[in-house]
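Reader: Hi! Could you walk me through this one, starting with how the chains meet?

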Protein chains: 2
Amino acid sequence: MSAASSESKKVPVGVSARHIHLSQEHVEILFGAGATLTEFKPLSQPGQFAANETVAVYGPKGSFPKVRILGPSRKATQLEISRTDAFSLGIQAPLRESGNIEGTPGIRIVGPAGEVTVDKGVIVAARHIHFHTSDAERWGIMDKQLLKVLVGGVRGVVFEQVLARVSDQFALDMHIDTDEGNAAGVSTGNFGEIVE
Amino acid sequence: MSAASSESKKVPVGVSARHIHLSQEHVEILFGAGATLTEFKPLSQPGQFAANETVAVYGPKGSFPKVRILGPSRKATQLEISRTDAFSLGIQAPLRESGNIEGTPGIRIVGPAGEVTVDKGVIVAARHIHFHTSDAERWGIMDKQLLKVLVGGVRGVVFEQVLARVSDQFALDMHIDTDEGNAAGVSTGNFGEIVE
């Protein structure tokens with residue numbers, strides 16, 4: 001980390017509930033030929049949105065009837081769940097960086113117009129911080145660097161192994177899942193501080 | 001912390017799922033006059049046990065049909081849940097040290113022989129470590145001291161504000177809840193290290 005910077009490195013925290021990204025092919029299987037995702041509300045990252053559409057997912061042990069889809073559609077379908085959710089579904093979902101789904105378990109996904117069973121794509125997303133290039137430069141942070149971030153008050157934790165992701169397409173935001181948010185006693189809108 | 005000790009301070013981790021402690025009065029309301037809790041398996045703390053008996057609990061939003069009772073019976077009934085569980089039940093359970101239940105929300109509890117609605121007793125238990133007096137003396141740790149404990153590997157976290165509880169009735173064990181265990185990627189049987 002750059003010695004040039006002595007300012008406190010505060011980062012907004014976003015707590016991600018379980019959600020799914022769909023390929024356009026799967027959007028059309030689940031919602032009908034020609035269907036596209038429609039925006040419910042924008043997310044912190046430019047161009048990303050929570051869709052109005054939801055799907056049901058079925059694991060060997062349990063299911064979730066209403067999983068929010070995040071848009072726009074992506075190259076590959078990916079279900080992001082907490083470790084608590086993984087126990088509920090009965091799926092051994094590994095901790096992975098988003099997009100790295102080789103060798104991960106699959107899941108049955110049901111929409112209003114059809115269903116699809118994918119043979120991979122279920123992950124517990126590794127905690128990470130999106131940095132705009134300008135934030136990263138100011139703080140001397142490199143893409144892929146692992147950081148330590150203090151989050152929370154009376155239930156404070158230092159998250160280790162927080163992956164830095166740097167792009168001029170990103171807005172500054174730390175993404176943790178609901179287990180991590182609850183363990184630290186924080187919600188979206190709270191702030192963390194990069195301590196190392 | 002004592003400067004005398006340079007050995008690594010390793011502590012076994014126990015991840016507590018949601019559970020309930022019952023007063024003897026409530027045991028008899030829920031399981032019948034004269035009923036007592038029966039041991040299913042012993043816990044890490046001497047004399048404590050998971051009971052064969054379970055109860056259902058009902059919050060305004062959700063319920064859990066089978067909550068394990070931990071015995072023996074106590075002075076006051078207390079339901080210990082994770083923050084995830086609190087959202088499921090629809091109850092604003094505060095973070096509290098076990099036994100400190102003044103001003104906490106109540107819950108409806110149903111057993112095979114009857115039901116009771118308590119007006120307080122639902123908490124998210126504050127993480128803590130039980131130290132036998134000899135462990136605490138060896139490591140220079142005082143009762144009520146707040147510690148920092150590193151837990152986990154690829155998903156490692158440092159839990160801050162970990163309360164030390166020292167007694168010659170205790171066995172060395174760190175108690176965290178399922179949110180905390182999942183956020184750190186650990187289960188009962190893993191170890192943490194006191195780092196400060």
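Author: Happy to. The copies meet through the same surface, because 100% of the interface residues of chain B are also interface residues in chain A. Keep in mind that this is a predicted model.

Reader: Nice. What rotation and shift superpose chain B on chain A?

Author: A rotation of 180 degrees with 0.0 Å of shift along its axis does it, with an RMSD of 0.0 Å. The two copies are therefore related as by a two-fold rotation axis.

Reader: And how much area do chain B and chain A bury between them?

Author: About 2,000 Å², with 46% of it on carbon and sulfur atoms. Arg83(B), Arg155(B) and Asn182(B) contribute 32% of what chain B buries against chain A, more than any other three residues. As for contacts, 26 residues of chain B touch 26 residues of chain A.

Reader: How many salt bridges are there across the interface of chain B and chain A?

Author: There are 4. In one of the salt bridges here, Arg155(B) pairs with Asp177(A), and their closest N and O atoms are 2.9 Å apart. Arg155(B) and Asp177(A) also belong to a salt-bridge network with Arg127(A) and Glu180(A).

Reader: Let me pick a residue: Gln161(B). Which residues does Gln161(B) touch?

Author: Leaving out residues up to four places away in sequence, Gln161(B) touches Gly153(A), Val154(A) and Gly156(A) in chain A, plus Arg127(B), Leu146(B) and Leu147(B) in chain B. Gln161(B) is in strand β13 (residues 157-167) of chain B, and its relative accessible area of 33% makes it partly exposed.

Reader: What about Lys148(A) and Glu160(A), how do their side chains meet?

Author: In a salt bridge as well, at 3.4 Å from N to O. Lys148(A) is in strand β12 (residues 146-151) and Glu160(A) in strand β13 of chain A, 12 residues apart. Lys148(A) counts as partly exposed at 27% relative accessibility, whereas Glu160(A), at 15%, counts as buried.

Reader: Switching to helices: which residues of α1(B) are buried?

Author: In helix α1 (residues 24-31) of chain B, they are His26(B), Val27(B) and Leu30(B). They sit on the same side of α1(B), because they cover an arc of only 105 degrees around the axis.

Reader: What do the buried residues of α1(B) pack against?

Author: Against β4 (49-58), β8 (107-110) and β9 (115-118) of chain B. Just after α1(B), Gly32(B) has a positive phi of about 110 degrees.

Reader: Last one: which strands does β11(A) pair with, and in what sense?

Author: β11(A) pairs in the parallel sense with strand β13 (residues 157-167) of chain A, over 5 bridges. There, Phe131(A) has Val166(A) as its bridge partner. β11(A) also runs antiparallel to strand β14 (residues 173-177) of chain A, with 3 bridges, and His130(A) has Asp173(A) as its partner in β14(A). Strand β11 itself (residues 128-132) is mostly covered, with 4 of its 5 residues buried.

Definitions and conventions. Residues are numbered from 1 along each chain as its sequence is written. Chains are lettered from A and ligands numbered from 1 in the order in which they are written. This is a predicted model: local features need pLDDT of at least 70, side-chain atom pairs count only at pLDDT 80 or more; totals for chains, interfaces and linings use all residues. Side-chain values use heavy atoms; hydrogens and water are left out. Buried means under 20% relative accessible area, exposed over 50%, partly exposed in between (1.4 Å probe, protein chains only). Helices (H or I, at least four residues) and strands (E, at least two) are DSSP runs, numbered from the N terminus. Two strands pair if DSSP finds at least two bridges between them. The arc is that of the directions from the helix axis to the C-beta atoms. Contact means heavy atoms within 4.5 Å. Copies are superposed by least squares on the C-alpha atoms of residues with pLDDT of at least 70 in both. Buried area is the accessible area (1.4 Å probe) that two parts lose on being put together, summed over both.
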